[in-house]
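Before reading on, please look over the entry below. The questions that follow ask what lies behind each description.

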Amino acid sequence: MKNLLCVETATEVCSIALLRHDGKVFVDEHSRKNSHTETITLQIKKCLKLSGLEVEDLDAIGISCGPGSYTGLRVGASAVKGLAYGADKPVITLNTLRGLAQGISEIAEQGDLIVPMMDARRMEVYYSVYDGTMQEVLTTTNRIVNDYFLSEMECEGNIIVCGNGGWKLREVKYRENITIMETSCTAIHLLEECKYKFFNDEFAALAYFEPEYFKSPNITQSAKRIL
């Protein structure tokens, strides 16, 4: 077992998880809006202190690379790049939606589909599809939620929707075999993919990797007049 640190900042949750070589996991997370920049470094330091490790003891650092909040993803990527560069540690990029799916994979049965779904503003969502064994069926994409959403999916069992975008299905008609679980992103659920990529040497190019935003940032104009 290795010492792996995972960072998840794609949504309103800022989550840090550290897997120590003995299998013990240390976690720190909060959901205070617009505070990722203030707390992320402190959260990482807290997990390191609780685990009794130093940055130099880490074998790799995993980062949730989207989809998700433009600002949140930028904060996470910047923090991880700085930490990895300073300590000369490899970085592993991780899919946010896969992490959501991983979190409920234990309740999925053969024939089920897992659909992690994240809010992408208005009635749009980011989503992907996995089968009950966590094999990817549909890669990450974005789409407007309507009465026909997911209707084309062939599924012998149940369609299990998870994530903060699931509530949008409640606004439209959806099939009886769909279960909606409004779960949150957490770095704990990134650890499985991080371990897999570490042992398969799937590392990112530190200087060049960027989050996968999928959409441009939502920039609004102030209503106040500037004199």
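**Surface, fold and two close-ups**

The protein chain exposes about 12100 Å², and carbon and sulfur atoms supply 48% of that area; accessible areas come from the Shrake-Rupley method with a 1.4 Å probe, and for residues only the protein chains shown count as cover. This is a predicted model, in which local features need pLDDT of at least 70 and side-chain atom pairs count only at pLDDT 80 or more, while totals for chains, interfaces and linings use all residues. Residues are numbered from 1 along each chain as its sequence is written, and side-chain values use heavy atoms, with hydrogens and water left out.

Q: How do you know how many helices and strands the protein chain has?
A: Helices (H or I, at least four residues) and strands (E, at least two) are DSSP runs, numbered from the N terminus, and by this rule the protein chain has four helices and 10 strands. Their order from the N terminus is β-β-β-α-β-α-β-α-β-β-β-β-β-α.

Q: What makes the radius of gyration of the protein chain agree with that of a compact globule?
A: The radius is taken over C-alpha atoms, and the globule rule is 2.2 Å times the number of residues to the power 0.38. For 227 residues a compact globule would have a radius near 17 Å, and the protein chain has 18 Å, which agrees. The C-alpha trace spans about 60 × 50 × 30 Å along its principal axes.

Q: Why is S128 called buried?
A: Buried means under 20% relative accessible area, exposed over 50%, and partly exposed in between (1.4 Å probe, protein chains only). S128 has 0% relative accessibility and therefore counts as buried. This residue is found in strand β7 (residues 124–131). Leaving aside residues up to four places away in sequence, S128 touches L97, I114, V115, P116, L138, T139 and T140, where contact means heavy atoms within 4.5 Å.

Q: Why can the buried residues of α4 be said to line one face of the helix?
A: The buried residues of helix α4 (residues 191–199) are L191, E193, C194, K197 and F198. Seen down the axis of α4, they fall within an arc of 160 degrees, so they line one face of the helix; the arc is that of the directions from the helix axis to the C-beta atoms. On the other side of α4, Y196 and F199 are exposed.

Q: What covers the buried residues of α4?
A: The cover includes β1 (4–8), β2 (14–19), β3 (25–30), β4 (60–64), β5 (91–94) and α3 (96–104).
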